Amino acid sequence: GLLGGSFNPPHLGHIHISNLAIKYLNLDEVWWIPTAKNPLKDPNIYENYENRVEKCRIITKNYDKIKIQVDDEIYSEKLVRKLRDNFKNEDFYWIMGADNFERLHEWENFIEMIKMVPFGVFARENYLEKIENSEAFKIIKKQNLINRLLIFASEKLDISSTQIRNNA
């Protein structure tokens, strides 16, 4: 499983969906891939990249199936293409929370990405309807790629990096 993100900061919600992905998708591992820069987010809110990577390592140290992968690619589609080229015998899933799915249609080449790897989307109950009403879902459905989208309801875990930053 590939869990890309800012991890600004990493938190128990990231651990939670990683463990759900391991369980529901029968994954050997989930690779966290912190991005140095997210082109859809304000660069002024970011903690230093090396600090975020180190915090990822610290929070995952007791989770044998969660690994930290460092890569300088900022576009997820290019990252997936590179990983598929480098790990030809591996099958990947892209893992994400439903809150990020809402902006998926803004990602560069997201349709090409979903053609390359199925998506495992983990949603709190209040996000299930938001997924189905999202622009990305409509585009995926129109492209007949809905079978590449696996949506899982998860118990509510009320935590996000934005909340943590705002409460700091």
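**Starting from one residue**

Tutor: Take M116: its relative accessibility is 14%, so this residue counts as buried, under the 20% cut-off. Keep in mind that the model is predicted.

Student: Which helix is M116 found in?

Tutor: M116 belongs to helix α5.

Student: And what is M116 in contact with, leaving aside neighbours within four places in sequence?

Tutor: The partners of M116 are E77, V80, R81, R84 and R148.

Student: How far is M116 from H14?

Tutor: Their C-alpha atoms are separated by 23 Å. Along the chain, M116 and H14 are 102 residues apart.

Student: Switching to S18. Buried or exposed?

Tutor: Buried, because S18 has 0% relative accessibility. S18 sits in helix α1, which covers residues 12-24.

Student: What does S18 contact, beyond its neighbours within four places?

Tutor: L3, V30, W32 and I66.

Student: New topic, aromatics. How many aromatic pairs are there?

Tutor: The structure has seven. One of them joins W94 and W107. That pair is edge-to-face, with 6.1 Å centre to centre and 85° between the planes.

Student: Where do W94 and W107 lie?

Tutor: W94 is in strand β4, residues 94-97. W107 is in the loop between α4 (98-101) and α5 (110-116). The pair therefore ties together parts that are 13 residues apart in sequence.

Student: Are W94 and W107 buried or exposed?

Tutor: W94 and W107 are both buried.

Student: What about F122 and F152, what kind of pair do they form?

Tutor: A stacked one. The ring centres are 4.9 Å apart, and the planes are at 15°.

Student: Which parts does that pair tie together?

Tutor: Two strands. F122 lies in β5 (residues 119-124) and F152 in β6 (residues 149-154), so the pair links parts 30 residues apart in sequence.

Student: And how is each of them placed, buried or exposed?

Tutor: F122 is buried, at a relative accessible area of 3%. F152 is buried as well, at 17%.

Student: Which residues are in the ring cluster with F122 and F152?

Tutor: Y24 joins them: ring pairs link Y24, F122 and F152 into a cluster.

Student: Let's do pockets. How much space lies in the second largest pocket?

Tutor: About 240 Å³.

Student: Which residues line the second largest pocket?

Tutor: G1, L2, N26, L27, D28, E29, W31, E90, D91, F92 and Y93. By class, that lining has five nonpolar, two polar and four charged residues.

Student: Now zoom out. How many helices and strands does the chain have?

Tutor: Eight helices and six strands. From the N terminus, the order is β-α-β-α-β-α-β-α-α-β-α-α-β-α.

Student: What is the chain's radius of gyration?

Tutor: 15 Å. A compact globule of 168 residues would have a value near 15 Å, so the chain agrees with that.

Student: And what box do the C-alpha atoms fill?

Tutor: Roughly 40 × 35 × 30 Å, along the principal axes.

Student: How much of the chain is buried?

Tutor: Buried residues are 45% of the 168.

Student: Last one. What share of the contacts with a separation of 6 or more comes from residues 24 or more positions apart?

Tutor: In this chain, 76%.

Key
Residues are numbered from 1 along each chain as its sequence is written. This is a predicted model: local features need pLDDT of at least 70, side-chain atom pairs count only at pLDDT 80 or more; totals for chains, interfaces and linings use all residues. Side-chain values use heavy atoms; hydrogens and water are left out. Rings of Phe, Tyr and Trp (its six-membered ring) pair if their centres lie within 6.5 Å; planes under 30 degrees apart count as stacked, over 60 as edge-to-face and the rest as tilted. Helices (H or I, at least four residues) and strands (E, at least two) are DSSP runs, numbered from the N terminus. Buried means under 20% relative accessible area, exposed over 50%, partly exposed in between (1.4 Å probe, protein chains only). On a 1 Å grid over the protein atoms alone, a cavity is a set of points where a 1.4 Å probe fits but cannot get out, and a pocket is an open set with protein on both sides within 12 Å along at least five of seven lines; lining residues have an atom within 4 Å of a point. Grid points are joined across faces, edges and corners, and a volume is the space filled by probe spheres set on the points. Ala, Val, Leu, Ile, Met, Phe, Trp, Tyr, Cys and Pro count as nonpolar, Asp, Glu, Lys and Arg as charged, and the others, Gly among them, as polar. Contact means heavy atoms within 4.5 Å. The radius of gyration is taken over C-alpha atoms; the globule rule is 2.2 Å times the number of residues to the power 0.38.
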